[in-house]
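Keep the structure in view as you read.

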Amino acid sequence: MKQADTNSIRYPAAVDEKLGKLAQIFKRSKKELFGQMVDYFYRSKKDPEDWGDEALKKELSSGISRILSFIRQQEKDFLLPVFTDAGTLKTTAIRHTEFLEGIARHLVAETEKTKTIMERNDKVLAGIKFLASRQADKETLKQRFSELLEYYIAQREEMGWMKTTVRKEELLEHVRQSLKNL
């Protein structure tokens with residue numbers, strides 16, 4: 001069987017010591033860590049000699065520029081119209097608030113007028129009730145007075161107080177008419 005690990009690399013003891021420490025930190029074997037380092041540099045296309053990592057800086061800078069241009073475009077397409085519409089809505093809401101406050105003031109004034117009218121209506125109703133009770137009292141009084149008068153007339157007839165019938169009828173008619181006019 002052919003062994004898969006046929007290649008070997010020679011490196012100084014100081015590098016081996018650093019590789020050993022890294023392997024312990026990442027809890028991997030030196031061989032596994034070395035393979036991962038090669039994959040990392042292969043995928044990222046970084047130059048291990050480039051301490052400033054200019055390629056990464058350029059990539060980040062272009063990525064940031066793309067993100068910023070995307071955000072600016074989103075602001076133009078979405079945020080600015082939303083802010084414009086929000087301003088219009090705010091103006092409309094202020095006008096509606098003023099209109100509703102005007103209606104509220106009008107309703108308060110109308111409520112006061114209605115209370116005044118209700119109080120006056122109560123007074124008028126109390127007056128009508130008073131008049132109705134007085135009218136009933138007046139009708140009762142007329143009825144009693146009429147009975148009294150009829151009794152008086154009947155009694156006077158029995159006594160024969162006046163001699164002329166015409167004069168008696170005039171007196172009776174006058175008394176009855178006076179009673180109706182009460």
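**An aromatic pair, a helix contact and a loop**

Phe 41 counts as partly exposed, at 32% relative accessibility. Buried means under 20% relative accessible area, exposed means over 50%, and partly exposed lies in between (1.4 Å probe, protein chains only). Tyr 40 is also partly exposed, with a relative accessible area of 38%.

This is a predicted model: local features need pLDDT of at least 70, side-chain atom pairs count only at pLDDT 80 or more, and totals for chains, interfaces and linings use all residues. Residues are numbered from 1 along each chain as its sequence is written, and side-chain values use heavy atoms, with hydrogens and water left out.

The structure holds one aromatic pair. The ring centres of Tyr 40 and Phe 41 are 5.4 Å apart and the planes are at 65 degrees, so the pair is edge-to-face. Rings of Phe, Tyr and Trp (its six-membered ring) pair if their centres lie within 6.5 Å; planes under 30 degrees apart count as stacked, over 60 as edge-to-face and the rest as tilted.

Now the helices. The protein has four helices and zero strands. Helices (H or I, at least four residues) and strands (E, at least two) are DSSP runs, numbered from the N terminus. Helix α1 spans residues 13-26 and helix α2 spans residues 30-44. They pack at an angle of about 95 degrees, with their axes 9 Å apart. Axes are lines fitted to C-alpha atoms, for helices over the stretch in contact, and angles run from 0 to 180 degrees between N-to-C directions. α1 and α2 are therefore roughly perpendicular to each other. Angles under 35 degrees count as roughly parallel, over 145 as roughly antiparallel, 65 to 115 as roughly perpendicular and the rest as oblique.

Which residues meet? From α1 come Asp 16, Leu 19, Gly 20, Leu 22, Ala 23 and Phe 26; from α2 come Lys 30, Leu 33 and Met 37. Contact means heavy atoms within 4.5 Å.

Lys 27 sits in the loop between α1 and α2. Its phi is positive, about 60 degrees, although Lys 27 is not a glycine. Most residues other than glycine have a negative phi. Lys 27 is exposed, with a relative accessible area of 75%.

Finally, the whole protein. Of its 182 residues, 7% count as buried. Residues 24 or more positions apart account for 28% of the contacts with a separation of 6 or more.
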